[in-house]
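Me: I would like to learn how to read a sheet and a helix pair in a model. Could you take me through both?

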Amino acid sequence: MSLTALFDIGKTGVLTYQKALEVVSHNISNAATEGYTRQDVIFQNMSSGILSLSGVTGRGVKLEDIRRMYDSFIDLQLKTESSNLAYWDVVYNGMLRLENIFNDASETAFSNSINDFFNAWQELSQNPSGTAERTLLLDKANYLTKRLNLSYKSLIDERQEIYKDTQSLVNQVNNYLDQINELNEKIAASPGSLDAKDQRDNLVKQLNDIVQITYFEDNSGRYSILLGGMPLVDGGKVYHLSTALDSKQNMQFSLETVSGSIDVTRLIQGGKLKAEIDLRDETIPEYMEKLNMLVFDLTEAINAQHRQGYGLDGTTGNNFFSQLYDLTVSSPSSPTSPYSDISFKINNVNTNTYDEYQVEFDGSAVPPAWTVTDNTTSSSITPTVTSWTKGTDTYYKLSFNDIEVTIKNPDNTLDFTFQIKQHSGLLFNVAITDTQKIAAAAANPTTTSGEMDNENARAIYSLLDSEIIGNSTPIDFYRAIVSEVGVYSSSAQTQKSFQQSLVEEIEKRRQDVSGVSLDEEAVNLIKYQKMYEASARVIKVADEILATLFDMVS
C-alpha cells in the first residue's frame with residue numbers, strides 16, 4: 001500500500017467520523033424535542049479495485065447514508081390513537097362543565113328549588129288567606145324560574161364558547177396545512193432533509209388531533225392530506241377550512257376549493273372538531289330540550305290547575321306562570337275561556353315539536369271527528385283520541401307527534417291553531433304579581449267558600465308527586481337528567497383513561513425505535529471519537545513515514 005493510500009484512508013476516516021460525531025451530537029441535542037426521530041449513520045468500506053497477493057486493497061470508509069429510525073406502522077397507530085384521545089379529552093372536559101351546570105349535590109340544586117316551590121303551596125294550604133304565605137310562594141316561584149333560566153342560559157353560553165373555540169381550531173388547521181405544504185416543497189427539493197420530515201410528521205400528528213385525516217406520500221416525497229377523501233393539501237396546493245352557523249344555529253364546516261365552497265361537516269369523523277360538534281350540536285341541545293320539556297310541562301300542569309281555582313279577590317282562569325305557547329281560536333269567534341278549556345303536554349321533544357298545528361272538531365259527526373294538520377309541513381296527522389267525563393264535563397285528549405292536547409267541553413265547531421314556543425327555559429317566568437290572585441281556593445271565596453278554602457292549593461301541591469313531566473314526576477325527571485349527565489361524564493372519563501394508556505404504550509414502542517437514548521449516544525460518541533482520533537493518527541503516521549523517506553533521500 002502506498003503512502004498516498006494511507007493519507008486517503010486516514011482522510012476518509014477523519015471526514016466520515018467527523019460527520020458521525022455531528023449526527024450523534026444532533027441526536028443528543030434533540031433528545032427532548034417533541035416528534036424528533038433518532039438518526040443513525042450507515043458506513044460503507046471503499047474498495048480501490050487493485051488486486052494484491054492478499055486480495056483487493058481498500059481506500060478506507062465512507063458515509064453511505066444517514067437514516068431516520070422511523071417505523072411508519074407505529075407512527076400511524078400513534079396518530080390514530082392520539083386523535084381518539086384528543087376527542088375524548090374534549091368530550092370529558094365538556095361533560096365536566098355540564099355536570100357543574102346540573103350539579104344536584106349543592107344547596108342551590110334545582111331539585112331543591114322544585115321542592116321549595118311545592119312546599120310553599122303546602123304552607124299556603126295551611127293558611128290560604130295569609131299574606132306572608134302568599135308572598136313566600138311568589139318568592140319561591142320567582143327563584144325557581146330564575147334558577148332554571150340560569151341553567152338554560154349556561155347551556156347557551158357553553159355552545160357559544162365551543163363555537164369560538166372551534167373557530168380557533170379551524171384557524172390552527174389552516175395554519176398547519178400551510179406549514180405542511182411548505183415542508184412538502186422543501187423535502188421534494190431536498191429529500192435528505194430529515195429534520196424537515198420530522199417537523200412535517202409532527203404537524204400531521206397535531207393536525208390529526210384536531211381533525212382526523214388520512215395522508216399518503218407521493219413519488220416526490222410530498223404528503224397529500226385528505227379529509228374524508230377531499231384534498232386539503234395536494235400537489236403543492238392548499239385548501240382551507242372555514243366554519244359558520246347554519247339556519248338551525250348548528251356548526252357547518254366548508255372546504256374552499258377551486259370550484260367553490262363545499263360542505264364537509266359530515267366528513268369530520270374524529271379529533272377535537274368532531275368532539276366539539278357532538279357536544280355543541282347534539283349533547284347540549286338534547287339537555288336544553290329536556291329542560292324545555294320540564295319547564296313546559298310543569299308550566300302547563302300548574303297553570304291548568306291554577307286556572308280552575310279562585311284568588312282571594314274572586315278572580316279565576318288566571319295562569320300562574322307565563323304561557324309558553326301561542327293559541328289562536330278561529331271558531332267559535334268569541335270563545336268564553338279558551339285558555340281554561342285547552343291544555344298541552346310534551347312527552348318527548350322532536351323535530352316537529354315547535355311546528356304550528358291546526359286542530360278542528362266536528363261535534364255533529366257520529367262519532368265526533370277530530371282533524372289535526374301540521375301547518376309548518378302542510379301535512380295531515382291522524383291523532384289518537386281518548387275521551388272521558390268528569391261530573392258534567394266532557395274531556396278529549398289528542399295525542400300526536402309526542403304532544404298531548406286536552407280539551408274540555410269543546411264547541412261543536414271548535415277550530416284553533418297553536419304553536420309551542422322554543423327556548424321555554426329562557427321564557428319560564430311567573431305571571432302572577434298580585435298575591436290576591438293566587439288561586440288557593442276551589443270555589444269563589446268572596447261569595448261561596450270563604451278565605452280558608454285551600455282545595456286548589458292542595459291540588460297543586462299534589463302535582464309534586466304526579467307524573468306531569470312526560471311519564472315522570474318533576475323531581476324524578478330532573479334527577480334523571482343529572483344522572484344521565486353523570487353517567488356520560490363517567491363513561492367519557494373511562495374512555496379518556498383507556499386512550500391515554502393506549503397512547504402511552506404506543507409512544508413507548510415508538511421511543512424504543514425512534515427515541516434518543518442518551519446512554520447509547522454517549523457510547524457512540526466515545527466510539528466515533530476514538531475512530532476519529534485513530535484516523536487522524538493514520539495521517540500522522542503516514543506523514544512521519546514520508547518525512548523519514550525525505551530524510552533518507554536527502
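This is a predicted model: local features need pLDDT of at least 70, side-chain atom pairs count only at pLDDT 80 or more; totals for chains, interfaces and linings use all residues.

Me: What is the strand order of the open sheet of five strands?

Reply: As a general idea, strands of a sheet pair through backbone hydrogen bonds, either parallel or antiparallel. Here the order is β10-β18-β12-β13-β14, and the pairing is antiparallel. At the edges are β10 (325-331) and β14 (379-381), each of which pairs on one side only. On average, neighbouring strands in this sheet are turned by 20° against each other, with direction ignored.

Me: How many bridges join β12 to β18?

Reply: Five bridges link β12 (residues 356-362) with β18 (residues 415-420), and the two strands run antiparallel. For a position to look at, Q358 stands opposite T417 in β18.

Me: Now the helices. At what angle do α2 and α6 pack?

Reply: Helix α2 (residues 72-101) packs against helix α6 (residues 271-308) at about 30°, and their axes are 8 Å apart. Angles under 35 degrees count as roughly parallel, so α2 and α6 are roughly parallel to each other. The crossing of α2 past α6 is right-handed.

Me: Which residues make the contact?

Reply: From α2 they are S83, A86, Y87, V90, V91, G94, M95 and L98. The α6 side contributes G271, K272, K274, A275, E276, D278, L279, T283, I284 and Y287. Sorted by class, the contact of α2 with α6 has ten nonpolar, four polar and four charged residues.

Definitions and conventions:
Residues are numbered from 1 along each chain as its sequence is written. Side-chain values use heavy atoms; hydrogens and water are left out. Two strands pair if DSSP finds at least two bridges between them. Helices (H or I, at least four residues) and strands (E, at least two) are DSSP runs, numbered from the N terminus. Axes are lines fitted to C-alpha atoms, for helices over the stretch in contact, and angles run from 0 to 180 degrees between N-to-C directions. Angles under 35 degrees count as roughly parallel, over 145 as roughly antiparallel, 65 to 115 as roughly perpendicular and the rest as oblique. A crossing is left-handed if the near helix is turned anticlockwise from the far one by less than a right angle, and right-handed if clockwise. Contact means heavy atoms within 4.5 Å. Ala, Val, Leu, Ile, Met, Phe, Trp, Tyr, Cys and Pro count as nonpolar, Asp, Glu, Lys and Arg as charged, and the others, Gly among them, as polar.
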